[in-house]
Structures are given as structure tokens and as C-alpha cells.
Amino acid sequence: MAKEKKGVRLEHVSKIYQDPKTGKDFYAVHDANIEIAPGEFVTLLGPSGCGKTTILRMIAGFESPNEGEIYLGGEPINELTPNKRDTAMVFQSYALLPHYNIFDNVAYGLKLRKMSRETIAEKVHGILGMVGLEGMEDRMTNQLSGGQQQRVALARALVLEPGVLLFDEPLSNLDAKLRVDMRNEIRRIQQEAGITAVYVTHDQSEAMALSDNIIIMKKGVIDQVGDPHTVYYHPVDEFVADFIGESNFLRGALAKKDGDAGLASIEGHDVEVASVGHLSEGDPCVLVLRPEAATLADEGCLPCRVTLSRFMGNYQNYQVMVGKTLVKITDFNPKNHKIYEVGDEAFVKFGPEDVHVL
């Protein structure tokens, strides 16, 4: 769909705002360095107020950086107005024209470019087919479901054939099932069009499902950049580990180091670890253990007492106490597994490769 796949680059970009209460300046985004390859789907992920939407708005041209430079396809764009940038935005609110039908909503940007009626009709019909709205051209937007309105907003952005497509939390107004359906559609359409996409969300499952790479932000600073597998299994700190899925944090000290491997002392028990990273013997450490990476067993790494045992259909949900540490365990497909009840003594079982050392 795109005439040219364009990458995005931010070099030492910062945005400063003034706190209306104190009158003091603060960094909404501080020293952001980002490289997005042409055709890549990248998600800016983080809690409210972390700076992700500010970065998106600076790429779009709705905000100007106080420091640094933004490049689109190698061209510096800080001085360009939004309409001069080769980008298109899909908004959280859809921002559809209520008195226009689907065809005229999608055609609006093409008419501003003064294209011929024949060219507009060809492009609009083509893009409506891509987003699954063919045959609905004459329907008014107030007759559409939330998912259909989102498809119109997506079609209106795509029909302009931008170098980069920007998404500002586009699924937040949809119900849970429709969100899943629409995120799959967005990914399919992005890959079919081959377009570069920058997507903002605070929903980690959305980020995992959509992205080639995820940029995790915290308090205006980029905390980690990586593909979904990397940020899930190799988080750089407790913030990332806790924000991306659920995690258990086992705190202790490195009792022994043998090359890359070692033994960590957790609640008075030695636990084998496949990779201890930069740590030395005696250093304090935190082991990140995902709930689905551990099981309950009659023998294992860490003795525990069951405090919660709940059947959830496709998994058994446990909470256990290892000494003074609460550990959550998700035991998938429990039908043929031994079920432990509240008050039972057991062991948390996992392998050396199942923990990540911070």
C-alpha cells in the first residue's frame, strides 16, 4: 500500500512541559533514542504519564521537541507541519465525520489532495475491501458498531498511503473480545500493506500480540527495547518484569558462581540458575520466575505451603508461601495433574533456565 517504506529515527529527543501547579519545568520525554526500521511494527508501551503518547505526537507533528531531532525516511522533520509529514494517525476517538457516509469519510483526505473522482473511487473501494467494509460505502457512521467505526478510521489513514502509520490507543473504546479481533486485523492489514507502524498502548497483551519490537517507557525515559520474547523472558529490571505479564521475585544472594551458571540462596535454600550475568559470589540478587514456568510437586527447589488453590478451567491457580515470599503458580491443563489444596505442604519446582537474574 505504501509508496515507500520509511523508517523513523529519534536522536536525543526531549519534550519539556510546565507543571501548572508548581510552575516548574519537567521532562515528559527525556533523551529518547529510537530506531524503527521500514515496514516494522513498533509499540510504545507503558503506564499513563510515561511519555509514550508525547513521542507519538512529536512524530506526527502535533508537538515539537525541545531537544533533539526526528527523522522520517532519513529526512529531518522537526520543522514540518503535520500535513507536510508522510504520516497518518488513527485516533483513540476515531474522529469520524458524523454527517458523512463511509465512502466520504475515507475519501476526505484524497479530496483535499484534489485527486480525480475516478482515482478516489478506485482507492476507496480498494482500501474498504482490505479492511472488510466492501459494500457498505453508503452507510452513515452513526449506524456502525465500534469495530466498524475503527475500520473506517483505519481505512481513512491507509488510503493516503503514508510512509508511517501512527496509532494512539485505537482499541481502548472497544469491548475485550472485539479488541482481540481488531488487533489481529490491524496486524494483518499492516503486514499486507507493508507499512511502518508506531502504536501506543498501556495494554501489554496488545503490545505482545502486535509488535515486532516493544519500547517500554517509565517516567519519560526508555527503559527497554526488544522483541516480545526478549522483554518477557529477559527484562532489564523489576519494572519491566512486573509490567509485562505477571512475575514472582525471589530475593536472595548468589551463593556460588561457576562460569555462567551458579547457585542462588533463596529463603535458605540453594536454587540452580543457568545464567547469573554480571553477578559475583555474595552479591544480592533477584530471580524473576514467571507463574507458568513453575509447578507444584512433592519434590522440587523450594519448600512451600499452599495458601490458594483455585480451578480456572484451563489452569489451576495457586498461591504459595516460600518462607515469607508469596509465589504465584499457573498450572496449565491440570486435568491429569495432582491438585494441591490450601494448607498442603509441597515444593515449587522449576529448572535453571526458568529463572532470569536481575
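Visitor: In which loop does Tyr 100 lie?
Guide: In this predicted model, local features need pLDDT of at least 70 and side-chain atom pairs 80 or more, while totals for chains, interfaces and linings use all residues. Residues are numbered from 1 along each chain as its sequence is written, and side-chain values use heavy atoms, without hydrogens or water. Helices (DSSP H or I, at least four residues) and strands (E, at least two) are numbered from the N terminus. Tyr 100 sits in the loop between β6 (87-90) and α2 (102-112).

Visitor: Why is Tyr 100 called partly exposed?
Guide: With a 1.4 Å probe and protein chains only, buried means under 20% relative accessible area and exposed over 50%, with partly exposed in between. Tyr 100 is partly exposed because its relative accessible area is 35%.

Visitor: Which residues lie nearest the centre of the largest pocket?
Guide: This pocket holds about 740 Å³ of space. Its lining takes at least two residues from each of β6, α2 and α4 (146-158). Of the 26 lining residues, those nearest the centre are Thr 87, Ala 88, Met 89, Arg 113 and Leu 160.

Visitor: Which element gives the largest share of the second largest pocket's lining?
Guide: That pocket has a volume of about 320 Å³. Among its 20 lining residues, Tyr 233, His 234, Glu 353, Val 355 and His 356 are closest to the centre. Two or more lining residues come from each of α7 (228-233) and β20 (355-357). The largest share, three residues, is from β20.

Terms used:
1 Å grid on protein atoms, 1.4 Å probe; cavity = no way out; pocket = protein on both sides within 12 Å on 5 of 7 lines; lining within 4 Å. Points joined across faces, edges and corners; volume = space filled by probe spheres on them.
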